[in-house]
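Let's take a walk through the inside of a protein model. Have the sequence and the 3D view open as you read.

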Amino acid sequence: QVQLVESGGGLVQAGGSLRLSCAVSRRIFSINAMGWYRQPPGKQRELVARITSGGSTNYADSVKGRFTISRDNAKNTVYLRMNSLKPEDTAVYYCNTYPPTTLAVSGEYWGQGTQVTVSS
């Protein structure tokens, strides 16, 4: 069974910080790279950051130096620390494997996401 449960979003002023968490089913967490994705209002979902099972990280240029992805292998949890938030970071944030988990019958699988709203 696939589980992706995001939490930690909210409303924050520009310049503020948030930490997102994602609980992941053990079956997919232990063998996969994980990513945080976001979907701004009216736009397509995009990859923000990813981390391999060994801990190597990669970031989109728009968040480099402000966001930090990490994972706790003992807790099957992936985190996204977001600092110096900007209004353009406003989006629904999702975690998933990298590339995204795809189910045979229903295609790509996504959790419910967590809303991040940054006010100016």
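Which side chain does the side chain of R71 join in a polar contact of 3.0 Å? It's N73. A polar contact here is a pair of N or O atoms within 3.5 Å; within protein, one must be able to donate a hydrogen and the other to accept it, and residues adjacent in sequence count only if both atoms are side-chain atoms.

## Before we dig in

This is a predicted model, where local features need pLDDT of at least 70 and side-chain atom pairs count only at pLDDT 80 or more, while totals for chains, interfaces and linings use all residues. Residues are numbered from 1 along each chain as its sequence is written, and side-chain values use heavy atoms, with hydrogens and water left out.

## R71, a buried charge

R71 sits in strand β7 (strands are DSSP runs of E, at least two residues, numbered from the N terminus). R71 is buried, meaning under 20% relative accessible area with a 1.4 Å probe, protein chains only. Still, R71 has no salt bridge (a side-chain nitrogen of Lys or Arg within 4 Å of a carboxyl oxygen of Asp or Glu). The nearest side chain of opposite charge is D72, 8.6 Å away; Lys and Arg count as positive, Asp and Glu as negative, and His and the chain ends are not counted.

What else is around? A polar atom of the R71 side chain lies 3.1 Å from the backbone oxygen of N32. Leaving aside neighbours within four places in sequence, R71 also has contacts (heavy atoms within 4.5 Å) that include F29, M34, I51 and V78.

## The nonpolar core

The largest nonpolar core has 27 residues. Such a core is a set of buried Ala, Val, Leu, Ile, Met, Phe, Trp, Tyr and Cys residues joined through side-chain atoms within 4.5 Å. Among those with the most contacts inside it are W36, L80 and Y93. Strand β3 gives the most, with four residues.

## A cluster of rings

Now for the aromatics: ring pairs link Y37, Y94 and W110 into a cluster. Rings of Phe, Tyr and Trp (its six-membered ring) pair if their centres lie within 6.5 Å; planes under 30 degrees apart count as stacked, over 60 as edge-to-face and the rest as tilted. By this rule there are two aromatic pairs. Y37 and W110 have ring centres 5.0 Å apart and planes at 90°, so they meet edge-to-face. Y37 is in strand β4 and W110 in the loop between β11 and β12, so this pair ties together parts 73 residues apart in sequence.

Y94 and W110 are edge-to-face too, because their planes are at 75°, with centres 5.7 Å apart.

Key:
Buried means under 20% relative accessible area, exposed over 50%, partly exposed in between (1.4 Å probe, protein chains only).
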